[in-house]
Amino acid sequence: QYDGIPKKLDPGRTGCRLTNEGAELHEIGVARTKTDTPLKKLLADEKRADKETEFAGGTFAAQGDTAYAYVTLKNGRWAAVCFVPVGSVDPETEVDGPPHASQGMVVEFKVS
C-alpha cells in the first residue's frame, strides 16, 4: 500500500518519494483521469485507461530502496498506481501475475 499521499493536493510541480519497505519490487505511476469513469473500471480495461488518463510520471524502487519522481499536477482527479506484477522480486525476471494495484496498491486523490 501507499502511505502519506494526501486526499487533496495543490496544482503545480510536486515530488514523490517511494520507499519500498516490502519484499517485492514496487513502482508509483501518477496519472490524471480525464473522465468520471471509476478508477476500478479503468484499471480493468487497459485500452480505455490509455484513452481516459494522462500519465504524469513515476519511478520504481527495489526492496529496501528509495526512489524519487517529480510530476506536474493539474486540477482534476488523479491516481497513484503500482502495475508491477505480484511476485516480482528481481527486475531481470519477468513475472506473469496480477498487478499490485489489484491488491490495493492504488490511491486516488484530487488536485484543486
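One aromatic pair is counted under the rule that rings of Phe, Tyr and Trp (its six-membered ring) pair if their centres lie within 6.5 Å, with planes under 30 degrees apart taken as stacked, over 60 as edge-to-face and the rest as tilted. The ring centres of Trp78 and Phe109 lie 6.4 Å apart and their planes meet at 20°, so the pair is stacked. The pair links distant parts of the chain, since Trp78 belongs to strand 6 and Phe109 to strand 7, 31 residues apart. Strands (E, at least two residues) and helices (H or I, at least four) are DSSP runs numbered from the N terminus. Both Trp78 and Phe109 are buried, where buried denotes under 20% relative accessible area, exposed over 50% and partly exposed in between, with a 1.4 Å probe and protein chains only.

The model is predicted: local features need pLDDT of at least 70, side-chain atom pairs count only at pLDDT 80 or more, and totals for chains, interfaces and linings use all residues. Residues are numbered from 1 along each chain as its sequence is written, and side-chain values use heavy atoms, with hydrogens and water left out.

Strand 6 (residues 76-81) and strand 7 (residues 106-111) pair in the antiparallel sense over six bridges; pairing requires at least two DSSP bridges between the strands. In this pairing, Gly76 stands opposite Val111 of strand 7. The open sheet has five strands in the order 1-7-6-3-4, with mixed pairing. Strand 1 (8-9) and strand 4 (53-61) are at the edges with a single partner strand each, so one side of each has no neighbour in the sheet.

A search of the whole structure finds zero disulfides, a disulfide being a pair of cysteine sulfur atoms within 2.5 Å. The sulfur of Cys16 has its closest cysteine sulfur in Cys82, 13 Å away, too far for a bond.

| Residue | Relative accessible area |
|---|---|
| Cys16 | 16% |
| Cys82 | 0% |
| Glu52 | 13% |

Glu52 lies in helix 2 (residues 46-52).
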